[in-house]
Amino acid sequence: GEKPYSCDICNKKFSTWSELSAHRPVHTDEKHFSCSVCNKSFSRKTHLTRHCRTHTSEKPYSCDICSKSFSTRSDLSVHGRIHTGERPYSCSVCHKSFPQKQYLTVHKRIHTGERPFPCSICTKSFLRKGHLAYHIRTHTGERPYSCDVCNKRFSTGSELTVHSRVHTKEKPYSCNVCNKCFSSKSCLTNHRRVVHTDKKPFSSNVYNKGSARNSHLNLRIRIPKKK
């Protein structure tokens, strides 16, 4: 449709005068809309409304396919790509595609070598802020994730998730060859390598033959008896 109203700063066009008026505070420090809970201020009323949902936990946007709910329409839109398989953000170097722009931004660092999150203790750097947070726990020994059943503690939420399957007996990873199920992706990967491939990573110096498991290797090696 026609957009006759133009911003005199960035030339962005709008359909109505009210839309242009709402846009203008982006270019100034004006923040007229304040949160009554934490006093944080915003330049737009819509931004304040979205922020307030962090306090109320309101999630008014629901997925038609899986019924999962979200606090913003944009979050719902991004989630929808899980079902559609849409990956609109493509890497100009290797052409790999991603469902979110932030995933592409992180991926590009593989090509540029950029690691913008350095550890202040050992100067090791990371691609993602989350990876840095996890790494710092190797220095501090912090284990903030606790099992509700046995109280065992873990450094990451993913470690806790895998551990919880010890109690629930859940095995969500299934082998597409023999249908055997596993509690973690790493266990499935190891199963495929050992059982369904010809790769035998442990080799014997005595026989110079591969063995799929090092326990098999130990059985092969015999110490000669003294005569």
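1. Is R81 buried or exposed? R81 is buried, because its relative accessible area is 14%, where buried means under 20%, exposed over 50% and partly exposed in between, with a 1.4 Å probe and protein chains only.

2. This is a predicted model, in which local features need pLDDT of at least 70, side-chain atom pairs count only at pLDDT 80 or more, and totals for chains, interfaces and linings use all residues. Residues are numbered from 1 along each chain as its sequence is written, and side-chain values use heavy atoms, with hydrogens and water left out.

3. R81 is found in helix α3, which spans residues 73-84; helices (H or I, at least four residues) and strands (E, at least two) are DSSP runs numbered from the N terminus. Leaving aside residues up to four places away in sequence, R81 touches E86, P88, Y89, P99 and Q100, contact being heavy atoms within 4.5 Å.

4. E142 lies in the loop between α5 (129-140) and β11 (145-146), and is partly exposed, with a relative accessible area of 43%. With residues up to four places away again not counted, E142 touches R137 and S155; the C-alpha atoms of E142 and S155 are separated by 6.5 Å, although these residues are 13 apart along the chain.

5. The unreviewed UniProt entry carries the annotation "domain: C2H2-type" on several spans, including 33-60 and 145-172; such annotations may be inferred rather than shown by experiment, and their positions follow the numbering used here, with feature names shortened. Residues 33-60 are 43% helix and 14% strand, with end C-alpha atoms 21 Å apart. For residues 145-172 the values are 43% helix, 14% strand and 21 Å between the end C-alpha atoms.
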